[in-house]
Each structure stands twice: as structure tokens, then as C-alpha cells.
Amino acid sequence: MSKTVSVILCGGAGTRLWPVSRSAYPKPFIRLPDGRSLLQHAFERAAGSQIGDVLLVTNREYYFQARDEVGFPDRTSDDRRVHFLLEPEGRNTAAAIALASHWAASTLGSDAVLLVLPADHLIGDRQSFAQAARDAVSIAREGQLVTFGVVPDAPETGYGYIETGEPLHGLPGARVKRFVEKPDLARAEAFVAGGRHLWNSGMFCFRADAMLAALSRHAPELASAARSCWHASATKPASIRTGDFDYALEIDAATFALIESTSIDYAVMEKHDAVAVVRARFDWSDIGSWNALSGLTEADGHGNRVLGDAALVDVADSFIHSEHRLVAALGLSNMLIVDTPDALLVAHRDRAQEVKRIVQQLESRGHEASRHHRTVHRPWGTYTVLDEGPGFKIKRIAVKPGASLSLQMHHHRSEHWVVVSGEASVVNGDASLTVLSNESTYIPARHKHMLANHGKDPLVIIEVQTGAYLGEDDIVRFEDRYGRVPA
């Protein structure tokens with residue numbers, strides 16, 4: 001019998017969930033009220049479905065964070081492995097699915113079945129999901145492309161729909177009659193009342209050879225570019241070293257950039273004549289806005305939903321999210337208030353879908369808040385900007401056990417390091433030294449230096465930068481275990 005693999009697509013900026021979701025810390029990584037990320041939920045759902053190994057397709061920049069989210073070493077609790085396919089940039093779902101299909105055909109066989117799941121969906125009923133996944137696999141083994149249609153519980157205008165056709169003969173699904181773009185309210189109400197239309201969930205199941213053949217038929221230029229990209233990637237030496245177990249394959253950047261950026265719906269699903277749909281009766285949300293995310297928090301007697309510390313007087317039907325400080329509100333109704341250390345969102349709940357317009361404006365201005373939080377994740381840990389001004393910047397740097405920063409140099413700034421906890425192994429020019437808690441060292445500008453944590457506990461230091469220019473791009477790397485030294 002053909003092998004199976006669960007494919008998790010982990011990308012997308014999630015601009016409607018700014019300021020928590022940002023391009024360097026996108027929607028799949030944000031924490032839900034239960035303390036887990038959307039990616040962790042998706043991974044647990046995929047592993048629990050018993051559909052083979054897990055292939056996580058994500059941006060190279062997110063690799064180490066994604067690996068931390070799903071656990072290390074790279075395997076699930078029942079010994080199914082986790083593999084990573086690393087994109088140099090986002091080019092929509094058609095490119096990601098094409099490369100995942102090539103990976104599966106090469107690794108597992110051309111008749112391997114892929115169950116494709118976005119990382120930013122939330123499904124509570126895992127038992128019903130697992131059954132729907134098994135139904136989809138049984139249909140996909142017959143050569144059909146399968147999508148999941150969620151039974152609608154409201155006339156939602158923010159989703160596309162699938163109109164179902166005749167039931168499949170001897171299989172647990174139906175033919176897809178057509179895909180329907182996001183409707184207006186009147187059409188959405190008619191769809192729900194008629195019972196033939198389902199929400200298009202963006203989840204798929206298919207054999208690798210069936211998808212590659214469909215791409216060649218309906219999007220031949222894309223298919224050819226993806227095929228060339230796969231050949232270039234499969235023969236490319238790995239530049240990421242992660243330890244004894246390394247299941248990450250980097251996609252070749254030059255050939256990947258030549259693949260058309262489009263969705264798999266437009267490229268294949270809406271054109272193909274052998275598409276089936278499994279009727280999914282589980283709860284489902286794509287967490288596409290703050291209104292959707294707020295629904296995960298229980299409302300108080302005034303209809304307010306609060307995450308964090310808040311003092312509310314005469315406030316009703318509002319959502320307040322505060323990460324670090326008290327939010328006080330007076331005399332408000334139907335509002336969104338999302339407070340992070342470096343950015344505050346205040347909006348009417350009816351305008352929740354338009355938050356992406358703010359991100360677009362920030363991007364046009366080159367504003368850092370469109371991309372990074374004050375706490376920035378790196379392969380070795382995190383740094384948090386505590387304060388900055390003309391000629392200085394203060395950071396809290398946390399280095400994971402066994403991790404190290406690159407051997408590097410700065411042209412324009414010097415750095416003072418004070419160890420708060422842990423034990424720092426430091427290269428400072430020609431000297432190698434150990435710096436303990438409550439000790440410090442000074443790194444002059446243009447000195448090669450490196451910071452490592454060889455201990456079993458986290459290393460925390462305070463870094464004080466001084467100089468005429470303190471931008472993050474003032475860094476020259478000479479050696480780096482995470483493959484960040486330019487060729």
C-alpha cells in the first residue's frame with residue numbers, strides 16, 4: 001500500500017492579527033489562550049491523525065523556531081519523523097505543494113499520499129478530523145484530488161464555498177461541482193439554506209503523481225519551473241547543521257524565484273475534472289481576524305473578552321489583549337484593543353478585517369513594527385530591546401543551552417556584556433574566556449567576537465551597545481553554525 005505523509009504549510013504573515021502577528025513572527029507562532037501556538041495545534045493534529053511522517057514546509061527564516069515548536073529531536077512521540085522543506089521566500093500554496101509533491105515522490109514513492117494542512121487553522125474535534133482525514137486518503141488513493149468542505153454554521157461572507165455534486169461510488173465523499181468565490185450576504189444565506197455548499201477549508205489530500213500530473217496539465221509553466229527547482233534543490237549541499245538528526249532540505253533560491261506565485265486553487269483545483277470533497281463535520285476556524293481569535297476567550301457579563309490585565313468601566317462587547325501592562329478603558333463599546341510592548345492597536349470590531357491596511361502603511365514607511373517585535377527570535381535564542389536612544393541601545397540576550405551566536409564583527413559599534421545568569425563562553429579578539437554571573441567583558445568595534453552557552457541552563461546577558469550607528473545590518477559574519485554566512 002502507498003505510503004502517506006502529513007504536510008503542514010507554515011507561512012503567511014497574518015496581517016489581520018497585527019500587532020501580535022508580524023512578518024518575522026507570523027500567525028502560526030502566536031499563542032492561543034491555552035498557551036500553545038497554532039503550529040503546535042496543527043502538528044499535534046497531524047501526528048494524531050496517524051497519517052505517516054510529518055513534512056513541515058516553511059520559510060528558512062522560521063526553521064529553528066518551527067523546530068522548537070514541534071520539539072527536538074525531530075521525531076514525534078511514536079517515532080514518526082518530522083521533515084522540513086525550507087523555502088527562501090513565500091510564493092503561495094501552488095509552489096509549496098508542488099515542491100512537497102516532488103519531495104514525497106522522491107522520498108516515499110510516486111504514489112505517496114499527501115495530507116496538506118495549513119498551520120494556522122484551529123480544529124477542536126480531533127477524532128472527527130482524523131476520520132475525515134482517513135476518508136480523504138481512501139479517495140486520494142484512487143487518483144482523485146480531494147479537498148475538505150466544512151459544513152457551514154453561518155452565512156459567512158469571508159470564506160470561499162464548494163458546491164457539491166453527485167456522491168462518489170463506494171467512497172465516503174462527493175464530486176465537486178464548482179468552487180465559488182466569497183459571496184455577498186444574500187448568496188451566503190442561500191448557500192447555507194440549500195445544504196449543497198460547504199466552506200472551502202484550504203485542506204487537501206492527493207497522491208503525489210496525481211498532483212504533479214494535474215499541475216503539468218493545468219499550469220505547465222509552473223510545473224516545469226517547480227520541476228527544475230526540485231532538481232536544483234535535491235542536489236544542493238545542506239548549509240544548516242542542526243545536530244545528529246537533520247531532516248531539513250533547503251529549496252534553491254534562484255530557481256524557486258522563477259515559480260509563479262499563485263494558489264493551488266487557481267492553478268489546479270478549480271480547473272481539474274477529478275476533484276472530490278469530504279464533508280467535514282468538525283469545528284473549524286482559520287483564525288483570520290481578531291474577532292475570530294477573541295472567540296476563544298469566554299465573555300464576561302458585559303460581552304467583553306479579556307486576555308491579560310484590564311480595568312474596564314462602562315465597556316461592553318469589546319476584546320482587550322494585553323501582554324505586559326494594565327489596559328484601562330472607559331465608556332467604550334464594540335472595540336478591539338491589542339497592546340504589545342512596542343505597538344498598540346485600537347479599532348472598531350466591525351473593521352477587524354481591515355487591520356492589514358495598517359500593516360501596509362507601516363511597510364510603505366519601512367517601519368520596524370511591521371516586521372519585528374521588541375523581542376526577536378533567533379536560531380540561538382532571543383534578544384529584547386530594552387531601551388535605545390542616540391548613540392546607545394540596551395538589549396537582553398537569552399542564549400539556549402548548547403547554542404552560540406556567530407563569530408562576527410561590527411564596524412560602527414562597541415558592546416559591553418554583563419552576564420545575569422548562566423555561564424558565557426566568549427571569544428573576544430584573540431582571547432577566549434569564560435564570563436560568569438555578575439561579571440562582564442567589553443567588545444571594541446572591529447573586534448571579532450562570539451558568544452556561546454556550553455552549559456545546561458539558559459544564558460542571559462545584558463548588552464549595552466554604543467556607537468554612531470546601531471543598526472542590525474552592521475554585522476559581518478565569519479563563521480555560523482546556522483548557515484548565515486554568505487557564500
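This is a predicted model: local features need pLDDT of at least 70, side-chain atom pairs count only at pLDDT 80 or more; totals for chains, interfaces and linings use all residues.
A pocket, as I use the word here, is an open set of grid points where a 1.4 Å probe fits, with protein on both sides within 12 Å along at least five of seven lines.

Start with the second largest pocket, which holds about 700 Å³ of space. Its lining consists of 35 residues, and those nearest the centre are Tyr 383, Val 385, Lys 393, Lys 395 and Glu 472. By class, the lining has 14 charged, 12 nonpolar and nine polar residues. Several strands supply at least two lining residues each, including E17 (375-378), E19 (392-399) and E26 (459-467). Strand E18 gives the most, with five.

Next, helix H2, residues 63-70. Seven of its eight residues are buried, so the helix is largely enclosed by the rest of the structure. Among the buried ones are Tyr 63, Phe 64, Arg 67 and Glu 69. What do the buried residues of H2 pack against? They pack against helix H1 (38-48) and against strands E2 (53-59), E3 (82-87), E9 (248-250) and E17. After H2 comes Gly 71, with a positive phi near 100°.

Last, Ser 406, in the loop between E19 and strand E20 (407-409). Is Ser 406 buried or exposed? Its relative accessibility is 1%, and buried means under 20%, so Ser 406 counts as buried. Its side chain makes a polar contact of 2.8 Å with the side chain of Gln 408, and another of 3.2 Å with that of Arg 477. Beyond four places in sequence, the residues in contact with Ser 406 include His 449, Met 450, Glu 479 and Asp 480.

Technical notes. Residues are numbered from 1 along each chain as its sequence is written. Side-chain values use heavy atoms; hydrogens and water are left out. On a 1 Å grid over the protein atoms alone, a cavity is a set of points where a 1.4 Å probe fits but cannot get out, and a pocket is an open set with protein on both sides within 12 Å along at least five of seven lines; lining residues have an atom within 4 Å of a point. Grid points are joined across faces, edges and corners, and a volume is the space filled by probe spheres set on the points. Helices (H or I, at least four residues) and strands (E, at least two) are DSSP runs, numbered from the N terminus. Ala, Val, Leu, Ile, Met, Phe, Trp, Tyr, Cys and Pro count as nonpolar, Asp, Glu, Lys and Arg as charged, and the others, Gly among them, as polar. Buried means under 20% relative accessible area, exposed over 50%, partly exposed in between (1.4 Å probe, protein chains only). Contact means heavy atoms within 4.5 Å. A polar contact is a pair of N or O atoms within 3.5 Å; within protein, one must be able to donate a hydrogen and the other to accept it, and residues adjacent in sequence count only if both atoms are side-chain atoms.
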